[in-house]
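Welcome! Please take a moment to turn the model around before reading on, and then let us walk through it together.

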Amino acid sequence: MKDCKKGSSLSSIPVKPCNFFICSTLLLILLFFSGFAFSTSRLFFLGFCPRLVTTWSASAMGVIPGDAPENSVELIPEAVISPDEALFFLKYPSSTRLFTKEELSCVYTSPDSSSPSSSEAPPKSVDDQYSGRQIVRCQPPPRGTQVSLAVKKTRDNQLPALAGPTYKWDSLAYEAIIDWDNTTVVFVKGFNLRGGKVSDPTKFRCVYGWDFKNPKLMLHSYVVSIAQEIVRCKTPLSVLNMNSPLRFGNDPIKVSVRKVGKGPLDSIARPQVRLKPSPTDRKEHRMCVCTMLKNQARFLREWIMYHAEIGVQRWFIYDNNSDDNIEDILNSLGEHYNISRHVWPWIKTQEAGFAHCALRARDLCEWVGFIDVDEFLYLSKNTSIQEVLTRQTSGIAELRVPCHSFGPSGLKEVPIEGVTVGYTCRLAYPERHKSIVRPEALDPTLMNVVHHFRLSRGYKSGNIDRNVMVVNHYKYQVWQVFKEKFHRRVATYVSDWQQDRNAGSKDRAPGLGTRAVEPADWHTRFCEVTDKSLRDQVLRTFTDSNTHRLPWQEDEQQD
């Protein structure tokens with residue numbers, strides 16, 4: 001096929017010869033924007049091929065020797081800076097092997113030209129399972145410095161920098177997914193909307209494109225709903241009609257949100273996943289569980305084995321920046337249980353993460369429970385959870401299960417038998433509740449406050465009698481475990497414990513203040529009622545008759 005001839009122009013956009021395939025692809029891009037007036041410039045397309053130019057560039061970087069193409073490629077990372085860490089997202093060509101942690105370096109530089117300085121440090125971790133991209137985690141840059149990512153020294157003793165855009169975490173569209181009704185659900189930071197309230201969608205607009213600083217490469221659409229940090233957008237037909245995600249080069253289209261009269265948030269949200277309608281017949285699983293965790297891999301065996309015994313069939317694990325070898329634990333458990341790990345690197349976004357999980361679980365699960373790894377559903381009448389679900393009347397779409405909070409129970413060390421056997425003393429009355437929901441019955445806003453969801457019209461909630469089922473919440477464990485809660489709370493609308501506000505919140509431990517200092521009597525606190533019901537059931541069900549050990553103890557012994 002002959003190259004395009006020179007002679008005409010595409011107004012405001014550089015041109016160069018290209019082959020028929022590229023011409024056709026770029027014509028589709030032009031058709032994507034057809035019907036929308038972004039500029040008064042007229043576009044001409046008379047057999048000539050436009051070459052769209054990005055507003056930023058990166059230095060070319062050689063591919064690591066190995067299973068790599070002959071030509072060098074450009075890796076352009078996107079960086080997100082949060083208070084906890086700097087996240088670099090790398091997209092590789094399909095034929096290129098990924099960098100290892102040992103091959104990368106975090107470089108910290110001072111922008112002060114009068115006394116420039118730099119230092120290097122290894123990445124905290126590297127994760128290869130985030131939406132087709134590799135995440136490289138670095139320590140956050142100290143005040144007055146900048147952080148970048150580099151390949152370690154090559155033969156010519158240079159550090160090839162991986163240059164790309166850097167975004168602040170507190171003003172960002174960070175996740176997106178196209179729902180079964182063809183709306184785009186976008187997860188955002190930066191609007192600071194009130195928790196538990198639906199906001200006015202007419203005050204916002206959705207924006208699609210590749211470069212949100214260039215009006216010629218943006219397409220606007222209406223907001224269907226907005227609540228907390230979740231925005232539902234009307235997806236343009238030109239996006240939906242593509243057989244695969246619309247791309248600019250190798251980069252899928254992004255989506256963002258803006259307030260009317262203001263510019264859009266920065267974005268790394270690419271709506272590459274398109275959900276299918278829920279099946280009309282029986283779903284694959286009756287009962288599933290969603291959880292979000294960080295560095296709690298040591299508790300997963302007991303938690304998953306126990307819940308499998310009472311009828312849970314599928315687990316969605318949202319990993320919020322763990323660095324405790326959680327992958328190894330889940331790979332081992334995955335040989336016997338249906339578990340999926342979803343990398344969720346976003347801090348203080350538990351509500352958004354649960355909404356995202358509800359969407360993913362909807363076509364697989366009739367019911368989904370939202371509980372933490374230190375929470376265990378206890379059925380007091382020797383029945384299965386599926387029997388409890390079967391007895392629910394039509395119209396009930398959320399079961400609210402009361403929570404009993406257990407204390408250290410006189411212990412000062414982590415119990416080797418696990419939490420269900422080790423902790424046996426609790427507060428007398430339930431605190432709060434946790435929910436088990438029908439995901440297709442959730443309100444389109446997906447609004448939730450961790451403990452319960454807003455339901456669509458026509459559905460209602462039901463309270464479970466605590467004589468039928470409760471949540472044993474091992475909330476106040478030995479100090480070695482409990483003090484980790486002071487680092488950062490995962491929920492958006494819950495204050496971190498080191499902040500001096502909302503002192504009376506039930507999320508806090510009474511009397512501890514804002515510092516992780518162990519009280520002398522910690523091991524005796526939160527003990528009003530001795531409760532060995534679940535302990536006795538676990539020992540009867542799981543103790544090996546030969547070794548007299550519990551299965552999670554045996555696994556720990558093998559480690």
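Is F482 buried or exposed? F482 is buried, with a relative accessible area of 1%. Here buried means under 20% relative accessible area, exposed means over 50%, and partly exposed lies in between, with a 1.4 Å probe and protein chains only.

Before we go further, a word on what you are looking at. This is a predicted model, in which local features need pLDDT of at least 70 and side-chain atom pairs count only at pLDDT 80 or more, while totals for chains, interfaces and linings use all residues. Residues are numbered from 1 along each chain as its sequence is written, and side-chain values use heavy atoms, with hydrogens and water left out.

Now for the overall picture. The protein has ten helices and 30 strands; helices (H or I, at least four residues) and strands (E, at least two) are DSSP runs, numbered from the N terminus. Of its 559 residues, 50% count as buried. The accessible surface comes to about 27,300 Å², and 49% of that belongs to carbon and sulfur atoms; such areas come from the Shrake-Rupley method with a 1.4 Å probe, and for residues only the protein chains shown count as cover. Among contacts (heavy atoms within 4.5 Å) with a separation of 6 or more, 73% are between residues 24 or more positions apart.

Let us begin with the strands. Strand β1 (residues 78-81) pairs with strand β2 (residues 86-90) in the antiparallel sense, over four bridges; two strands pair if DSSP finds at least two bridges between them. A hairpin of four residues joins β1 to β2. Strand β1 also runs parallel to strand β9 (residues 166-168), and three bridges join them. You can follow both pairings from V80: its bridge partner in β2 is L87, and in β9 it stands opposite Y167.

Q146 is partly exposed, with a relative accessible area of 47%. Leaving aside residues up to four places away in sequence, Q146 touches V107, Y108, T109, P111 and P141. The C-alpha atoms of Q146 and V107 are 8.1 Å apart, although the two residues are 39 apart in sequence.

C288, in strand β20, is buried at a relative accessible area of 0%. Residues up to four places away in sequence aside, C288 touches V312, R314, F316, C365, W367, V368 and G369.

What covers the buried residues of α4 includes β20 (285-293), α3 (300-310), β21 (314-319) and β22 (339-343). Which residues of helix α4 (residues 326-333) are buried? They are I326, I329, L330 and L333. Seen down the axis of α4, these residues fall within an arc of 95°, so they line one face of the helix; the arc is that of the directions from the helix axis to the C-beta atoms. The face turned away from this buried side carries the exposed residues D328 and N331. Helix α9 (residues 533-542) has L534, Q537, V538 and F542 buried. Down the axis of α9 they fall within an arc of 100°, so they too line one face of their helix.

Finally, look at the aromatic rings. Rings of Phe, Tyr and Trp (its six-membered ring) pair if their centres lie within 6.5 Å; planes under 30 degrees apart count as stacked, over 60 as edge-to-face and the rest as tilted. The count by this rule is 27 aromatic pairs. The rings of Y423 and Y474 have centres 6.2 Å apart and planes at 35°, so this pair is tilted. The pair links distant parts of the chain, 51 residues apart: Y423 is in the loop between α7 (419-422) and β26 (425-426), and Y474 is in the loop between β29 (469-473) and α8 (479-482). Y423 is buried at 1% relative accessible area, and Y474 is buried at 1% as well. The rings of Y476 and F482 have centres 5.9 Å apart and planes at 40°, so this pair is tilted. Y476 is buried, with a relative accessible area of 1%. Elsewhere, F89, Y130, W169, Y174, F187, Y318, W344 and W346 form one aromatic cluster.
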